[in-house]
Amino acid sequence: LRFAGLLAHAHSLTRCRELDLSYCQHLPAGTASTALASAAALASLSLRNVATDLLLHTLAASPAAARALRLVDCAFSEVGDAAVEAIVQAAPRLQRVNLRGCTAVSALCYNQTPITLATRSTEEAWIPPLLRDDAR
């Protein structure tokens, strides 16, 4: 899928479960943000070396996109604490955020994120039966 076509095919992302855009250096952040906002079934998103605060904030602001996420790989990207915190708070099923090599992330955020994800209560992670993977 070429970047120019990503936005044109954004409707195709509504059922996409895994997406790897790692190392796509010429990926326009605005295009990716717009397309990802409609990715309601996306459970795994790899943005190694391309994640931005804009991308994470857009995902966090889109309940449809954030609700199914379980893994977000932002390794070696320029994301900061606020964007990481936003996606952690917005994605109730999120289990892992890879922040390896993210130099703009503080040590506190880097160390606290996996603890926060591991200690979420069952109530916070509750997903309505119709949206669960096992209901399909």
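**View 1. Leu-69 and its contacts in the predicted model.** Leu-69 touches Leu-42, Ala-43, Leu-45, Leu-59, Ile-87, Ala-91, Arg-93 and Leu-94, leaving out residues up to four places away in sequence. Contact means heavy atoms within 4.5 Å. The model is predicted: local features need pLDDT of at least 70, side-chain atom pairs count only at pLDDT 80 or more, and totals for chains, interfaces and linings use all residues. Residues are numbered from 1 along each chain as its sequence is written, and side-chain values use heavy atoms, without hydrogens and water.

**View 2. The largest nonpolar core.** This core has 37 residues. Leu-69 and Val-79 have the most contacts inside it. Such a core is a set of buried Ala, Val, Leu, Ile, Met, Phe, Trp, Tyr and Cys residues joined through side-chain atoms within 4.5 Å. Buried means under 20% relative accessible area, exposed over 50%, partly exposed in between (1.4 Å probe, protein chains only).

**View 3. Helices α3 and α5.** The two pack at an angle of about 20°, with axes 8 Å apart. Axes are lines fitted to C-alpha atoms, for helices over the stretch in contact, and angles run from 0 to 180 degrees between N-to-C directions. Helices (H or I, at least four residues) and strands (E, at least two) are DSSP runs, numbered from the N terminus. Asp-53, Leu-56, His-57, Leu-59 and Ala-60 of α3 meet Ala-82, Ala-83, Val-84, Ala-86, Ile-87 and Ala-90 of α5.

**View 4. Asp-73 in strand β3.** The strand spans residues 71-73. Asp-73 counts as buried because its relative accessibility is 10%. Beyond neighbours within four places in sequence, Asp-73 contacts Leu-45, Ser-46, Leu-47, Arg-48 and Asn-98.
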